[in-house]
Amino acid sequence: SQSKIGGLLGTHFNKDGVAFDYGAHVPKQVGIPELDDILFGGLNESDWQWLDRLRVGSVFCGELYSRSQFVNLRSLPEDTYNRAVVELLTSTEISPDDGIDALSYSLARYGKTITEKVLQPVIERLFGCPMSELQARAIVLIGYSRFILFDHFFSSELKKSDFYDQIVGFPSWDEGLNPLLSIYPSKEGIHQWIDHLADEFVANGGEVACLKTVAEMEKEDGSIRRIILSDGRVLKVKRLIWAGGLKPLMDLAKISLPDGVVPPQFRGTALVNLVFDRPFLSDLYYVYHHDSSAIGYRTTMFPNLRKGDGCEPPYSCTVEIMADEDVIGSAQLVEKVCSELGQAGLIGSDHQLVSEEVSAKTHGFAIPTISFEKSSNLLKESCQGIANNLLLLGRGGGTAHFINEVLIEVWNKLRDLD
């Protein structure tokens, strides 16, 4: 139970009142008019930035590429680049859902050079385990499904093919645009969107019960009829929609874990929240760090998102890190992060640090191993039979991961209800 809803779409305020999101979270329209009206229709347009493109960059081979988040293969040495291109363009069409591990998938889908020179080093740095132990979808989850190979003309021609469209990225974020807009508040953080949705929910007769848990669940004739909250309140149930973790649901239903379920492995994570005394040297919204020697995974520069020109203080950023405990717990972590930001050209030697804050968790991120995927599927199968008026939604009970995919899946399932 939490004091506020929002989770990773919440906002943290440091001791000086500076807002930090939990990384880069920029909601985007889903393209379903009725759903977009629910999600964004009541927002005061003057309080929000409505973005037709996201200015995202990436660092690879020590170079900042300011036009795309994808790995720019053109930064590789010429002979390595040539091999990578040939192997990628002659690769095998295969789905990450075909039941193979990430290493085998990468070799078949992207080729030996990209796997060994690009993907394997960075993915094993981020997840902290051999790529052969990860499910293939782990590559997609952290944004490594496409690569920049050529200029606009050749990339556009290749992307006319459904096969190449899945592995070739446009060389710039202002190409291949769709009409859907992203939003970000002009002040503070993305928690305001969640607060707005909660207010709309309450205004339409709903109730948000923070700091409460489901203590008991009562069934009759195969259906859940009542749930008892931790404060003793009893709620009658017509249909229970569950979007939380599946293990607590199984505990409430008093059913045992199925054979074959293993505990998840967790990766250490850290959020390094920094405030500088002047604007960043880049107008990018966020930057991905693709080198195997990097510390950060992604850096979000909030003033650039809030106003676009990045000229208004506070000049704050969050660097997301997935690493071993000795890295996220290092006394030199902030110093190393600032050095990395300087090498990337995001700050200069004259930038002075105004404030720093590190939030580290040794059990921060469930590693998407093959065993984790198998265990998750076993839990879903067990929970599906708990009651005939139970609907599982969200990441735990659904098949989607990214926010828009989850929203669309939830929308479709709710519309299918009788």
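**The second largest pocket and beyond**

Author: Val59, Gly62, His289, Asp291, Ser293, Ala294, Ile295, Glu340, Gln343 and Ala344 line the second largest pocket. The model is a predicted one, in which local features need pLDDT of at least 70 and side-chain atom pairs count only at pLDDT 80 or more, while totals for chains, interfaces and linings use all residues. Residues are numbered from 1 along each chain as its sequence is written, and side-chain values use heavy atoms, with hydrogens and water left out.

A pocket is found on a 1 Å grid over the protein atoms alone: it is an open set of points with protein on both sides within 12 Å along at least five of seven lines, and its lining residues have an atom within 4 Å of a point. The volume of the second largest pocket is about 190 Å³, a volume being the space filled by probe spheres set on the points, which are joined across faces, edges and corners. Its lining comprises four nonpolar, four polar and two charged residues. In this scheme Ala, Val, Leu, Ile, Met, Phe, Trp, Tyr, Cys and Pro are nonpolar, Asp, Glu, Lys and Arg are charged, and the others, Gly among them, are polar.

We turn next to salt bridges. The structure contains 19 salt bridges, each a side-chain nitrogen of Lys or Arg within 4 Å of a carboxyl oxygen of Asp or Glu. One of them joins Arg55 to Asp283, with 3.7 Å between the closest N and O atoms. Arg55 sits in the loop between strand S3 (48-51) and strand S4 (56-60), and Asp283 in the loop between strand S13 (266-276) and strand S14 (286-289), so this pair ties together parts that are 228 residues apart in sequence. Helices (H or I, at least four residues) and strands (E, at least two) are DSSP runs numbered from the N terminus. Arg55 is buried, at 15% relative accessible area, whereas Asp283 is partly exposed, at 42%; buried means under 20%, exposed over 50%, and partly exposed in between, with a 1.4 Å probe and protein chains only.

A second salt bridge lies within a helix. Asp251 and Lys247 meet at 2.9 Å, N to O, and both belong to helix H9 (residues 246-253), four residues apart, about one turn of the helix. Asp251 is partly exposed at 44%, as is Lys247 at 37%.

Arg226 is partly exposed at 25%, and Glu218 is partly exposed at 31%. With Glu220, these two residues are linked in a network of salt bridges.

The last topic is a sheet. Strands S9, S10 and S11 form an open sheet in that order, with antiparallel pairing; two strands pair if DSSP finds at least two bridges between them. Strand S9 (214-220) and strand S11 (234-236) stand at the edges with a single partner strand each, so one side of each has no neighbour in the sheet. From one strand to the next, the twist averages 25°; angles run from 0 to 180 degrees between N-to-C directions, along axes that are lines fitted to C-alpha atoms, for helices over the stretch in contact. S9 pairs with strand S10 (residues 223-229) over six bridges in the antiparallel sense, and Met217 has Ile227 of S10 as its bridge partner.

Methods:
On a 1 Å grid over the protein atoms alone, a cavity is a set of points where a 1.4 Å probe fits but cannot get out, and a pocket is an open set with protein on both sides within 12 Å along at least five of seven lines; lining residues have an atom within 4 Å of a point.
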